[in-house]
Amino acid sequence: MVTAALSSLHAQDAGQVLATEHEGDEVVADAHGAGGDSKLPFDTKEIIFEHLGDAYGWEVPFDHHHRIPLPCILYSPEIGLHIFSSSRVTSGQTYVNNGVEFKIAGHDSKYKNKIVAIVNGEELRPWDLSITKNICAIFISVLLVIWMVMSVANWYKKGNVKAPRRLRGGIEVIITFIYDSVIKPTLGKEAMRFAPYLLSVFMFILVMNIMGLIVVFPGGANLTGNIAVTLVLALITFFITNLFGTKHYWKEIFWPDVPMWLKFPIPIMQVIEVFGIFTKPAALTVRLFANMMGGHMIVIVLTLLIFIFSAIAMSPAVGGGTAVVSIIFSVFMLLIDVLVSFIQAYVFTMLSTVFIGLAREGHDHDEHARDGKEAHAAIEA
């Protein structure tokens with residue numbers, strides 16, 4: 001991540017982000033890029049959000065001028081279907097495909113950093129089905145999770161009695177830990193029913209978090225720092241929780257066991273309970289997104305301090321001292337982010353398990369009552 005932030009500074013020299021003008025010996029950043037006059041020869045805001053955001057190509061480490069091209073898939077009733085390589089437009093040029101001009105919208109456009117078609121001199125935003133960096137990283141993460149889990153499953157399918165070692169053994173330890181310490185104690189008899197989803201979401205989030213900390217391809221995509229990704233994961237938990245909710249769960253929502261004046265004639269508790277249904281996935285979404293986004297942003301800001309102090313410092317000693325301190329703190333934060341990657345995957349899985357367990361709580365009571373009646377009938381017989 002540190003090297004990615006360093007290399008992103010070179011992109012500014014190519015004129016991709018802002019233009020600069022000289023007034024004597026002072027470099028003044030363009031107002032639309034840096035928000036006014038500044039002594040910095042680069043736009044810190046653009047660098048941060050460029051690294052954290054999605055892109056139509058995958059940056060090559062230590063060479064920000066070149067990107068690994070990805071397929072652009074665009075459709076609109078006005079222009080039809082168009083498929084081409086992202087290398088046609090990622091360098092700021094306009095590409096003509098079957099008589100239609102395409103380009104990436106500039107900073108002054110309402111479609112900023114998105115591919116648009118030029119129709120009758122105006123920008124048209126088609127349906128964008130492109131395989132962007134984040135989408136490609138999701139595919140890679142899914143394949144990695146499948147490979148990791150299937151390697152453990154195939155080990156035991158072959159009839160091996162000994163426990164697996166190395167990477168396969170580490171994966172088994174993680175799976176066993178999550179199942180025995182989180183899923184089974186919370187869900188009890190229904191642990192095996194929901195374990196496939198809960199273990200899958202844990203491994204998926206963990207892989208995405210770790211891959212986001214790796215600069216070299218196929219790492220570097222800030223997936224869990226993208227609120228759309230965390231929202232989809234939270235919505236899956238939301239639908240599972242409510243679709244498998246018992247009668248007791250829904251009864252506690254629409255007619256909870258509270259004093260009558262709290263639920264009739266003004267449904268105070270019902271409103272609170274229904275509101276709680278939607279706050280649970282919101283908490284899952286924001287918790288994962290904010291923690292991972294914050295970790296990435298801190299590392300980038302610490303790295304940018306090197307260039308900021310070098311640009312405004314009066315002596316090389318100040319710039320050199322800042323560089324040493326920034327690098328030390330950046331490495332420290334990266335190590336913290338590795339720990340946070342495990343913790344956030346664990347917390348998301350734990351909360352999902354708790355939400356599902358609360359929705360299935362009445363099911364356990366019904367089973368115990370049925371078992372008690374069957375035992376009583378057997379004794380009488």
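I take two strands as paired if DSSP finds at least two bridges between them, and I take strands (E, at least two residues) and helices (H or I, at least four) as DSSP runs numbered from the N terminus. The model is a predicted one, so local features need pLDDT of at least 70 and side-chain atom pairs count only at pLDDT 80 or more, whereas totals for chains, interfaces and linings use all residues. Residues are numbered from 1 along each chain as its sequence is written, and side-chain values use heavy atoms, with hydrogens and water left out.

**Entry: the sheet.** I looked up strand S5 (residues 71-76) and found that S5 and S11 pair in the antiparallel sense over two bridges, with Leu 74 standing opposite Asp 128 in S11. The sheet is open and has three strands in the order S6-S5-S11, with antiparallel pairing. Strand S6 (80-85) and strand S11 (127-128) are at the edges with a single partner strand each, so one side of each has no neighbour in the sheet.

**Entry: confidence.** I then turned to pLDDT, the predictor's confidence in each residue on a scale from 0 to 100. The chain has a mean of 81, and 82% of its residues reach 70 or more. Among the elements of the chain, H7 has the highest mean pLDDT (95) and strand S1 (residues 20-23) the lowest (36). Over residues 1-37 the pLDDT is below 50, and this stretch has 75 contacts in the model beyond near neighbours in sequence, a contact being heavy atoms within 4.5 Å. Residues 368-381 also stay under 50, and for them the model has one contact beyond four places in sequence.

**Entry: nonpolar cores.** I use the term nonpolar core for a set of buried Ala, Val, Leu, Ile, Met, Phe, Trp, Tyr and Cys residues joined through side-chain atoms within 4.5 Å. Buried here means under 20% relative accessible area, exposed means over 50%, and partly exposed is in between, with a 1.4 Å probe and protein chains only. Which residues of the largest core touch the most other members? Of its 44 residues, these are Ile 183, Leu 187, Leu 198, Ile 205, Met 208, Leu 233 and Phe 348. The elements that give two or more residues to this core are helices H4 (133-157), H5 (166-187), H6 (191-213), H7 (227-243), H9 (268-312) and H10 (316-359), and the largest share, 15 residues, comes from H6. Leaving out residues up to four places away in sequence, Leu 233 touches Tyr 197, Val 201, Phe 204, Ile 205, Met 208 and Phe 348. Apart from this core lies another, of 11 residues, among them Tyr 56, Val 89, Val 100 and Phe 102.

**Entry: cysteines.** I looked for disulfides, taken as pairs of cysteine sulfur atoms within 2.5 Å, and the structure holds zero. Cys 72 is buried at a relative accessible area of 0%, and Cys 136 is buried at 16%.

**Entry: backbone.** Most residues other than glycine have a negative phi, and most peptide bonds are trans. I noted a cis peptide bond from Phe 264 to Pro 265, with omega near 5°; Pro 265 lies in the loop between helix H8 (247-254) and H9. Asn 113 has a positive phi, near 65°, and is found in the loop between strand S8 (100-104) and strand S9 (115-119), where Asn 113 is partly exposed at 42% relative accessibility. Arg 166 has a positive phi near 55°, but is in helix H5 and is exposed, with a relative accessible area of 80%.

**Entry: salt bridges.** I count a salt bridge when a side-chain nitrogen of Lys or Arg is within 4 Å of a carboxyl oxygen of Asp or Glu, and by this rule there are six. Where do the partners Arg 360 and Glu 190 lie in the chain? Arg 360 is in the loop between H10 and helix H11 (361-380) and Glu 190 in the loop between H5 and H6, 170 residues apart, and their side chains meet at 2.7 Å, N to O. Arg 360 is buried at 9% and Glu 190 is buried at 8%; together with Arg 193 they are linked in a network of salt bridges. Lys 251, partly exposed at 33%, forms a salt bridge with Glu 252 at 3.7 Å between the closest N and O atoms, and another with Asp 257 at 2.5 Å, N to O. Glu 252 is partly exposed at 23%, while Asp 257 is exposed at 59%.
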